Amino acid sequence: MIRILILIFCFSLFFANIFSQTKTKSGKMENQKINKSNEEWKKILSDTEYKILREKGTERAFSGKYWNFYDAGTYYCAACDNPLFKSDAKFKSSCGWPSYFEPINPKSVEYHEDLSYGMHRVEVTCGKCGSHLGHIFDDGPKPTGKRYCINSIAIKFRINGEKN
Ligand SMILES: [Zn+2]
């Protein structure tokens, strides 16, 4: 019986340790996810933003703000301000949407199989708030060969160091 208690005690120490490691020095949780209800999102997003980000809509090709925009800076999630892409990873693509060959870091975005509209695609969402950003394709340039095809409405550009 005592052995079992000791075992349980050791396990709880082990898990407590794991959880404490996920905290940064400032005490904030790393990669803390944002979970808001549809009603909360509706309050902070415009109708068009809500349609794209929360209902997986797609803006018309060649209609967005950033498909033909190449200033140096960073692109953030329009819903939660999570840094997603650097302008260094943006490339000229003829598809009509802003295109990147890689995210800022692997955890900036998440991937989901998307079988809608009779197609087999991979959806890209924000790694922090889960909002829909666009899709990823295998026809991008070197070094990754990937094309992150992203809705302009789902992202916000800022020059590095500029506050939102
Ligand atoms: Zn986000």
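Me: As what does Asp81 count, judged by its C-beta neighbours inside 10 Å?

Reply: This is a predicted model, in which local features need pLDDT of at least 70 and side-chain atom pairs count only at pLDDT 80 or more, while totals for chains, interfaces and linings use all residues. Residues are numbered from 1 along each chain as its sequence is written. A residue is buried if 20 or more other C-beta atoms, placed from the backbone, lie within 10 Å of its own, exposed if 12 or fewer do, and partly exposed in between. Asp81 has 15 C-beta neighbours inside 10 Å, so Asp81 counts as partly exposed.

Me: What is the phi of Asp81?

Reply: Most residues other than glycine have a negative phi. Asp81 lies in the loop between S1 and S2, where strands (E, at least two residues) and helices (H or I, at least four) are DSSP runs numbered from the N terminus. Asp81 is not a glycine, yet its phi is positive, at about 70°.

Me: Which residue in S2 stands opposite Thr74?

Reply: Two strands pair if DSSP finds at least two bridges between them. Strand S1 (residues 74-77) and strand S2 (residues 83-86) are joined by three bridges in the antiparallel sense, and they form a hairpin with five residues between them. Across this pairing, the residue opposite Thr74 is Lys86.

Me: In what order do the strands of the three-stranded open sheet stand?

Reply: S1 pairs with S2 in the antiparallel sense, and four bridges join S1 to strand S8 (residues 155-158), also running antiparallel. S2 and S8 are at the edges with a single partner strand each, so one side of each has no neighbour in the sheet. The order is therefore S2-S1-S8.

Me: Which strands stand at the edges of the five-stranded open sheet?

Reply: This sheet has the order S3-S7-S6-S5-S4, with antiparallel pairing. Each edge strand has a single partner strand, so one side of each is left without a neighbour in the sheet. The edge strands are S3 (99-100) and S4 (109-114).

Me: Which residue in S5 is the bridge partner of Tyr111?

Reply: S4 and S5 run antiparallel and are joined by six bridges. Within S5, the bridge partner of Tyr111 is Val124.

Me: Within 10 Å of Cys77, how many other C-beta atoms lie?

Reply: Cys77 belongs to strand S1, and its bridge partner in S8 is Ile155. Two residues are in contact if their C-beta atoms, placed from the backbone, lie within 7 Å; leaving out residues up to four places away in sequence, Cys77 touches Asn82, Leu84, Cys126, Lys128, Cys129, Ser131 and Ile155. Cys77 counts as buried because the number of other C-beta atoms within 10 Å is 24.

Me: How many residues are in the largest nonpolar core?

Reply: A nonpolar core is a set of buried Ala, Val, Leu, Ile, Met, Phe, Trp, Tyr and Cys residues joined through C-beta atoms within 7 Å. The members that touch the most others in this core are Cys77, Ala78, Leu84, Ile150, Ala154 and Ile155. Elements giving two or more residues to this core include helix H3 (47-53), S1 and S2. The number of residues in the core is 25.

Me: How far apart are the C-alpha atoms of Pro98 and Arg147?

Reply: Pro98 lies in the loop between S2 and S3. It is buried, because 26 other C-beta atoms lie within 10 Å. Pro98 and Arg147 are 49 residues apart along the chain, and their C-alpha atoms are separated by 9.5 Å.

Me: What is the omega of the peptide bond from Lys142 to Pro143?

Reply: Most peptide bonds are trans. Pro143 is in the loop between S6 and S7. The bond from Lys142 to Pro143 is cis, with omega near 5°.

Me: In which loop does Lys56 lie?

Reply: Lys56 is not a glycine, but has a positive phi of about 60°. Because 17 other C-beta atoms lie within 10 Å, Lys56 is partly exposed. The loop that holds Lys56 is the one between H3 and S1.

Me: Of the residues of the protein, what percentage count as buried?

Reply: The protein has three helices and eight strands, in the pattern α-α-α-β-β-β-β-β-β-β-β along the sequence. Of its 164 residues, the share that counts as buried is 27%.
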